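The following note sets out points for a colleague who is examining the model.

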Amino acid sequence: MAIGMVLIKCMFMMVLSVGFVKSDIDKDREECATQLVVVATCLPYVGGTTKAPTPDCCTGVKQVLTSSKKCLCLLIKDRNDPSLGLKINTTLSLGLPSICKTKSAISECPALLHLSPNSPDAKVFEDFNNIANGNTTASTPPAASKGKCTIFCNLA
């Protein structure tokens, strides 16, 4: 229950941070604030404190991906925003749709969020998608190539 309150507080802060002149990302944050509450049960997993997502987490992920794919993308994009006060592991977050056995929109995230194709945020989604699809040309961190960790060890 406490995790849910933290997520609600964070989403509320996202809505409050919207200025008078709204950009696309500000509109997306406002739209997604209420929808992301259903994935509050995923916080222990994407924060790295549990080994697997709960059934409620997977239900929430499926619900968010059905109602608005860009909301999960937005949460991953904003993972390092200090105003959220959350620790979100990028690799675990990007892998949630697969673990929860639902269709993913990861490859669509840069377009859904109107990101520049060469931006660091777009690169996170592109690299994950490339590795998930078996494309080894993505920039894999050196530790991952030595078998010391999985997929994006250093993305957090």
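1. A disulfide joins C58 to C100, with a sulfur-to-sulfur distance of 2.1 Å. The model is a predicted one. The torsion about the S-S bond of C58 and C100 is -70 degrees, and the link is left-handed. C58 belongs to helix α4 and C100 to the loop between α6 and α7, so that distant parts of the chain, 42 residues apart, are linked. Both cysteines, C58 and C100, are buried.

2. The count of disulfides comes to four. A disulfide is a covalent bond between the sulfur atoms of two cysteines. Another of them is formed by C32 and C71, whose sulfur atoms lie 2.1 Å apart. This pair links distant parts of the chain, with C32 in helix α2 and C71 in helix α5, 39 residues apart. The torsion about the S-S bond of C32 and C71 is about -80 degrees, so this disulfide is left-handed. C32 is buried at a relative accessible area of 0%, and C71 is likewise buried at 0%.

3. C42 and C57 also form a disulfide, with their sulfur atoms 1.9 Å apart. C42 lies in the loop between α2 and α3 and C57 in helix α4, so the pair ties together parts that are 15 residues apart in sequence. This link of C42 and C57 is right-handed, with 105 degrees about the S-S bond. C42 has a relative accessible area of 3% and is buried; C57 counts as buried at 0%.

4. Which residues of the largest nonpolar core touch the most other members? They are L36, V39, V61, L94, L96, L113 and F125, in a core of 33 residues. Two or more residues each are given to this core by α2 (24-35), α3 (43-46), α4 (55-67), α5 (69-77), α6 (90-99) and α8 (120-132). The largest share, six residues, comes from α5.

5. The surroundings of F125 may be examined individually. Apart from neighbours within four places in sequence, F125 is in contact with C73, I76, K77, L94, I106, C109, P110, L113 and L115. Among these contacts, L94 and L113 are, with F125, also listed among the core residues that touch the most other members.

6. The count of cavities of 30 Å³ or more comes to one. The largest cavity has a volume of about 100 Å³. Twelve residues line this cavity, and C42, V46, L72, L75 and L96 lie nearest its centre. The elements that contribute two or more residues to the lining are α3, α5 and α6. The largest share of the lining, three residues, is provided by α5.

7. Two backbone values deserve a check. Phi of K101 is near 55 degrees, a positive value in a residue other than glycine. K101 is placed in the loop between α6 and α7 (109-112), and is exposed at a relative accessible area of 73%. Phi of H114 is near 55 degrees, again positive in a residue other than glycine. H114 is found in the loop between α7 and α8. With a relative accessibility of 54%, H114 counts as exposed.

Terms used: Residues numbered from 1 in each chain as written. Predicted model: local features only at pLDDT ≥ 70, side-chain atom pairs only at ≥ 80, totals over all residues. Heavy atoms only, no water. Core = buried A, V, L, I, M, F, W, Y, C linked by side-chain atoms within 4.5 Å. Buried < 20%, exposed > 50% of the residue type's maximum accessible area, 1.4 Å probe, protein only. Helix = DSSP H or I, 4+ residues; strand = E, 2+ residues; numbered from the N terminus. Contact = heavy atoms within 4.5 Å. 1 Å grid on protein atoms, 1.4 Å probe; cavity = no way out; pocket = protein on both sides within 12 Å on 5 of 7 lines; lining within 4 Å. Points joined across faces, edges and corners; volume = space filled by probe spheres on them. Disulfide = S-S within 2.5 Å.
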